[in-house]
Amino acid sequence: MDLPVIASKAPLTPQGGCSAGSCGSTAGQLSGLSEEIRRKVEDHPCYSEQAHHHFARMHAAVAPACNIQCHYCNRKYDCANESRPGVVSELLTPDQAVKKTLAVAAAIPQMSVLGIAGPGDPLANPERTFATFRELAIKAPDIKLCVSTNGLALPDSVEELAKHNIDHVTITINCVDAEVGAKIYPWIFWQGERIRGIEAARILIEQQQKGLEMLVARGILVKVNSVMIPGVNDEHLKEVSKVVKAKGAFLHNVMPLIAEAEHGTFYGIMGQRSPSPAELKNLQDACEGDMNMMRHCRQCRADAVGLLGEDRGAEFTMDKVEAMEMDDAFLADAMAKRKALREQIAAENEAKKAKAHAPQPAGVAVVTIHRRTTTTDSGRPVLMAVAAKNGMVAEHFGHAREFLVYEATAAGAKLIGHRKTDLYCDGGDTCGDGESVLAKTIKALEGCEAVLCSKIGYEPWGELEAAGIRPNGEHAMEPVEEAVTAVWHEMLAAGLLNAPIAAETKRVA
Amino acid sequence: MALEIVETCVNCWACEPLCPNRAIYEAAPHFLIDADKCTECLGDHAKPQCVEICPIEGAIVNELNEPMNPAGSLTGIPPQRWAAAQREIAAR
Ligand code: SF4
Ligand code: SF4
Ligand code: SF4
């Protein structure tokens, strides 16, 4: 098993748009949080933009059963709240999950978070879920534990969650109104009976809200995920956002519905459409308010392993893990390495903070805490997509599985989201129908005016340009934020950013 | 009288812990009900527990081989609509 290279050091030598923190936006994203909460999320790869450069998370699929039905889920596959539809995870017993976690923790010292999220609802499988947590708390106490749930069984689990020192819970809350809920949840299993319709939604909502309150009262961090379903709960999610923030959720993450007929879900078959990237962004902006949105959530697979964005799951399939010899000495050594790495990162973060607070030489722009940058008369904000790897512009356009989307302004680059692609060129047979996939990729990049990558082929170059997206391969191997900021300045110098485009003006105003 | 789990079962484990008679067991390729133990929950619950929680239409049948959760009853997808979508996918 290879020892991984530590995540890119690039963000540690900040320049330009990155001067105040790793992304310029880190402080912004976590501002407004209490010191205690901030400390808790500091090295959580899913929550802190800063941490996702250095830390990794994994999910263990130990919880097969579910106690509700969501219209965007087909129970032949993994829980669609935590995974993309159509994914099937290898179900693990608690013992296997513990072994796998230890193997990953030893091989990837950055692995700092273990989440249980599926393939069903973790709290509908309390024995399996808690057995896993119990073992890990003993064998690898430095790993943060987190759990995701639809919320139905949450109130009954809070006591047990508090016992295991689980400090992150994600609840998927799609509504606070039972009439809306009845269009999302056809039934729940409640006290020995399948309950349907508005009554089912009413109970589910009540349990979710009660669970949220109980967790907050216990000092357990709560993140809320919502699935944006156009025409069903899109407007309503603004209300949801207000309610959950008022009750103390520290993050609200709005994700787009994914619905395709071939997934066999209700929404997929009935032709319910997904939101466009622009609709999603508008709703996220509307919900953001003075609170944090998790724009870099990638709806990762429930059995994902690795630094966000680079899935190493294939190295840790159960047959490979079972074959690994891990004696006490090996584990002790691995734990020591993990500790050293954490200390190193903490020291680097300290150094960065000190630098950010030091007086700046004249002429150097300091990026201060900013969340929503307003236009300056020097140029309008521009969305750019980046084919990134380890924090660098290092991916070939055709090989990118996802693009990070940044909003570039005079103040620097701010990560606002990411867009998935169906890899349009995998070098194999499927390249035959590459064209339509390229078209899909271009659609996924809607709203972006430039795309940064290490290399790009002739054909996609032309099509991107035709779609009004400027391909740019000139910043290959540069740190992402620097490259984005540089391209923005190039566009500014070329006189492209003078006239604010209509949509941007509206949003920024 | 007993219920039976058939091949559409997706092995989600939801039913197994609910059975008052421990009649449900893990097996390959899918879960099974021990017909000697299953009472259809009579005397323990108003409704058969496995049927109430099972998310898969048609996965549990009665002695007449009739699905306890017929097509469309859990997903809300009308069976004709489902068939039409499958035809459309196959024709692509
Ligand atoms: S909670 Fe997850 S597993 Fe259960 S129905 Fe909803 S999406 Fe599917
Ligand atoms: S009907 Fe009741 S007794 Fe029979 S298998 Fe299902 S849960 Fe068990
Ligand atoms: S609940 Fe249904 S699908 Fe799940 S294991 Fe039982 S019979 Fe199979």
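A word on conventions: residues count from 1 along each chain as its sequence is written, and chains are lettered from A and ligands numbered from 1 in the order in which they are written. Because the model is predicted, local features need pLDDT of at least 70 and side-chain atom pairs count only at pLDDT 80 or more, while totals for chains, interfaces and linings use all residues; side-chain values use heavy atoms, with hydrogens and water left out.

Let's start where the chains meet. Chain A brings 24 residues to the contact and chain B brings 26, contact meaning heavy atoms within 4.5 Å. About 2000 Å² is buried between chain A and chain B, and carbon and sulfur atoms give 59% of that. Buried area here is the accessible area (1.4 Å probe) that two parts lose on being put together, summed over both. Which three residues supply more than any other three of the area that chain A buries against chain B? They are A:Phe189, A:Arg194 and A:Ile269, with 28%.

There are two salt bridges between the chains, each a side-chain nitrogen of Lys or Arg within 4 Å of a carboxyl oxygen of Asp or Glu. One of them pairs B:Lys47 with A:Glu193, and the closest N and O atoms are 3.3 Å apart.

Now chain B itself. Its C-alpha atoms fill a box of roughly 50 × 30 × 20 Å along the principal axes. It has two helices and four strands, in the order β-β-β-α-β-α from the N terminus. Helices (H or I, at least four residues) and strands (E, at least two) are DSSP runs, numbered from the N terminus.

On to helix packing in chain A. Axes are lines fitted to C-alpha atoms, for helices over the stretch in contact, and angles run from 0 to 180 degrees between N-to-C directions. How do H5 (residues 154–163) and H7 (residues 197–217) of chain A cross? Their axes come within 8 Å and cross at roughly 20°, so H5(A) and H7(A) are roughly parallel; angles under 35 degrees count as roughly parallel, over 145 as roughly antiparallel, 65 to 115 as roughly perpendicular and the rest as oblique. The crossing is right-handed, that is, the near helix is turned clockwise from the far one by less than a right angle. H5(A) contributes A:Leu154, A:Pro155, A:Val158 and A:Leu161, and the H7(A) side includes A:Met214 and A:Leu215. By class, this contact has seven nonpolar, two polar and one charged residue. Ala, Val, Leu, Ile, Met, Phe, Trp, Tyr, Cys and Pro count as nonpolar, Asp, Glu, Lys and Arg as charged, and the others, Gly among them, as polar.

Next, H3 (residues 94–107) and H4 (residues 126–139) of chain A have axes that come within 9 Å and cross at roughly 35°, also right-handed. Their contact divides into six nonpolar, two polar and three charged residues.

Finally, the backbone. Most residues other than glycine have a negative phi, and most peptide bonds are trans. B:Ala28 and B:Pro29 are joined by a cis peptide bond, with omega about 0°, and B:Pro29 lies in the loop between strands S2 (24–25) and S3 (32–33) of chain B. A:Met477, a residue other than glycine, has a positive phi near 70°; its place is the loop between strand S17 (470–472) and helix H15 (480–493) of chain A.
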